[in-house]
Each structure stands twice: as structure tokens, then as C-alpha cells.
Amino acid sequence: MMQYMKKRIIIFACLLWAAFMQACAQQETFRIQGKAEGFAEDSKIALVLAATHADEQPLVEGVVKGGAFILSGEMQEARLCHLLVTEPDGTQDALALMVENGNIALEIKKGEALSQGYMNVELVGLEGSQADKIFREKMAFRDSLDNMYFEMNAKYQDVQDRLNKAYQANDGEAAQEIKSSEEYQAYSKAQMDFFHATEEKMFANFRRNGDSFWGPLLTLHCISYFPPTDKRFAEMYNSFSDAAKNSFYGQILKKQLFVESLKGKPVPAFTLPDRDGKEWSDSQLREGKKCLLIDFWASWCGPCRKSVPLLKELYKEYASQGLEIVSISIDKDEAAWHKALDEEQFPWCNLLDTKSVFPEKYNGKAIPTFILVDGNGEVVDDALEAKDLKEAIQKQLNN
């Protein structure tokens, strides 16, 4: 009898241990059971970390079959993610949602097309993520801003249309006349009022949530670029609680705001391919030169393309005196890069950043970024604006 009881106790203990282990496993995993209305069969579904300001790889991927999909994986704690939907023809869009461990029921549907290659993924319903409910409550302030923006554009649609037509017709005189009108001045003032209202509401919301990870998370989600000259973000970060600063998103925000300058340090080494596949290193490009100007850009970046004529003037004037230029594109679409190269006809070396050199080695946040390096490979300046390039290059060539 005693032996039988011991056996039962052992079995009961094993069952308890198994139940405990299962509970732990459930706490460390998530399962998203999704319904997808209107999407093409075999559309790809990917869950990607959001608000990190980094080129993240999918955490998990799935496929739409019969209007449904399942995604499952591990999550240390609640994270903001993008649910990226890509149809077989390449059309895609992403939906932001907070994912936490447990079972999540998600319903999405395909909305009206936004533009060629892009669709609109609409959230129909989401259950099983309390963090997502909180996230949407904290982001509700954006609704009033969106309404303000749409109302402003609707009110001044006529003057916008007339100005666009003047630009399309290359009629500078007509464009200037429109921009001098009282209607356009009122539109400009309305824009400024909207931007000020947006800033005030966002900063108030960030600070209001500064006692937890929500403060830095909302900041990262709402702001895509933190200008080094704008000290308000650093001041706000310093006002956050220690819990907020030490959180996953707090540490990411800290790296975004307090970027260590490369000035006076050896230039981070790189070896990248040109359009023909030939590899070029920074040391090769510097060889025999007094200075090297590194231009980080992309085919889709308007300000980058506008700076090309200035760079050509500088190259024409100073190449014979020891200046070298290299343009490094962060394009993901190689064909678009090739097309831009054909259009711009750069007279200097052009490389493609196939190794994420810009974000990982140069702390890159926005383009265009200009970095001036001396002949010995030391960074002279890593925060140059286009208007300062000529003076900086002249000074370096005269050293």
C-alpha cells in the first residue's frame, strides 16, 4: 500500500511539474490566429519589430490560405510590431499592433488602394492583447490631429491645385503670383499652426507617459528622425523615470538621441560594390588624396538628388587639388539605384550599401549625410550640411 502511495505521489508530482512547464511555455509564446478579408491567396504575412528605427528582419512569417493565417513565436515582453502584408504581385502595407504572449485573435481586411504598389490594410478587430488596447488609447490624440490636417487641406485644396498646375507647367511667374496671394498666405499660416499644434500635443503625450516604457515607445513611434540641433528631445528623455530610460524602448531612444560623433576618429572601414560588382574600400578611395567626401544618399531622396549639382561643381573645381567623392546609396531597390545613376551621370565612384554600413558603422539616421575624411583616414566632420561643404573642403585642401 505504501509503495502504491509513493508511486501516486511521484506521478502527481510529475503531472504538476508538466503543468508548470506548460504554463511557463505559454507565458513565453504568442499565437496570432488571423482572418484576412479581401487579400489574394498566398499573400505573405510577416511580423516585424516596429519603432526601433532599424532595418529589422521578420520575427515570424506566414501565408494567407483560405482567408486565414497563423503566426506564432516567442516574445520576451509586449512589443510594438508591424504586421506586413504582401500580395503575390508585390502590393503591400503594414499595420501597427502590440503583440504580447498568449492567444491573439486578429481580423484584417483589404481597403482601397493607396497608390501603385501599396494597399490599405484595415484593422477589423483584435482580441487577446491588453497592451494593444492600451496602445490605441494612448495614440488616440492623433485622431484630432488627423482631422485637423484633413480639414485644412480640404479648405485650401483649390490654391494647392492651382500651384501644382503652375509647377507642372514650369510657369514660375504664375507660381510666384499664387504664393503671393492672400489665400496662399492664409494656407501657409494654417500649416504652421497645424505643425505647432502637432508638436505641442505630441510632446505633452510623451511626457505624460514618461513614467514607463510607453514614453520612449510613443516617441519612437511618432517621430522618425531626431535633429541633432533640436535639444527638446534630449531634455524630455532626461525627464523620464529610470524605469522608462532602462526599458527596451528607452535604451533605443537613448542611442537615437545621444549619437557619438565620429569627428576626430578613424573613419569606419567599408568595402562595398559598384554597379558592376567591383568592390571598393575606403582606403582605396583615399589613396593619394587630401580628402574624401562620403555622400550617403538614395534614389528616392529628394534633398539628396537636389544636392547633386552642387557636388558636381565641387568635384569639378577641387578634384585636381586632391578631393575625392564617393556616393554610397542606401537603396533597397537596386534597379531604382541603377536608374538614378543613369540619370545623374556622377563623375565619381558610386557604391551600394549592401552591408548596412550607414546605420551600423556611421550611426546614420537620415539622408543626405556628408562626411569629410582627411588623407590619413581621420574624420574631419560628420555633420556637414550642403551649404557648408565648400568651406570645409577648401579648409582641408589648404592644410
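Predicted model: local features only at pLDDT ≥ 70, side-chain atom pairs only at ≥ 80, totals over all residues.
Residues are numbered from 1 along each chain as its sequence is written, and side-chain values use heavy atoms, with hydrogens and water left out.

## The chain as a whole

Of the 399 residues, 41% count as buried, where buried means under 20% relative accessible area, exposed means over 50%, and partly exposed lies in between (1.4 Å probe, protein chains only).

The accessible surface comes to about 22,900 Å², and carbon and sulfur atoms account for 51% of that area. These areas come from the Shrake-Rupley method with a 1.4 Å probe. Contacts (heavy atoms within 4.5 Å) can also be sorted by sequence separation: among those between residues at least 6 apart, 66% join residues at least 24 apart.

Axes are lines fitted to C-alpha atoms over the stretch in contact, and angles run from 0 to 180 degrees between N-to-C directions.

| Helix pair | Angle | Axis distance |
|---|---|---|
| α8 (residues 232-239) and α10 (residues 248-257) | about 150° | 10 Å |
| α13 (residues 308-318) and α16 (residues 389-397) | about 20° | 11 Å |
| α3 (residues 141-155) and α6 (residues 182-208) | roughly 175° | within 11 Å |

Angles under 35 degrees count as roughly parallel, over 145 as roughly antiparallel, 65 to 115 as roughly perpendicular, and the rest as oblique.

Take α8 and α10 to begin with. Their angle of about 150° is why they are described as roughly antiparallel to each other. The crossing of α8 over α10 is left-handed; that label applies if the near helix is turned anticlockwise from the far one by less than a right angle, and right-handed applies if clockwise. On the α8 side the contact uses Phe233, Ala234 and Tyr237, and on the α10 side Gly250, Leu253, Lys254 and Leu257. These residues comprise five nonpolar, one polar and one charged. In this scheme Ala, Val, Leu, Ile, Met, Phe, Trp, Tyr, Cys and Pro are nonpolar, Asp, Glu, Lys and Arg are charged, and the others, Gly among them, are polar.

Helices α13 and α16 are roughly parallel to each other, and α13 passes α16 in a right-handed crossing. Here Leu310, Leu311, Leu314, Glu317 and Tyr318 of α13 meet Leu389, Lys390, Ile393, Gln394 and Leu397 of α16. Seven residues of this contact are nonpolar, one is polar and two are charged.

Helices α3 and α6 are roughly antiparallel to each other. From α3, the contact draws on Phe141, Ser144, Leu145, Met148, Tyr149, Met152 and Asn153; from α6, on Tyr187, Ala190, Gln191, Phe194, Ala197, Thr198, Lys201, Met202 and Asn205. The classes here are 10 nonpolar, five polar and one charged.

## Loops and backbone details

Most residues other than glycine have a negative phi, and most peptide bonds are trans. Some places in this model are worth a look with that in mind.

Pro368, in the loop between α15 (357-361) and β14 (369-374), is joined to Ile367 by a cis peptide bond with omega about 0°. That loop also holds Asn363, which is partly exposed at 29% relative accessibility. Leaving aside neighbours within four places in sequence, Asn363 is in contact with Val259, Glu260, Leu262 and Phe358.

Ser356 has a positive phi, near 55°. Ser356 lies in the loop between β13 (349-352) and α15 and is partly exposed, at 22% relative accessibility. Asn170 also has a positive phi, near 55°, and sits in the loop between α4 (157-168) and α5 (172-179). With 71% relative accessibility, Asn170 counts as exposed.

Finally, Thr229 belongs to the loop between α7 (214-222) and α8. Thr229 is exposed, with a relative accessible area of 70%.

Key
Helix = DSSP H or I, 4+ residues; strand = E, 2+ residues; numbered from the N terminus.
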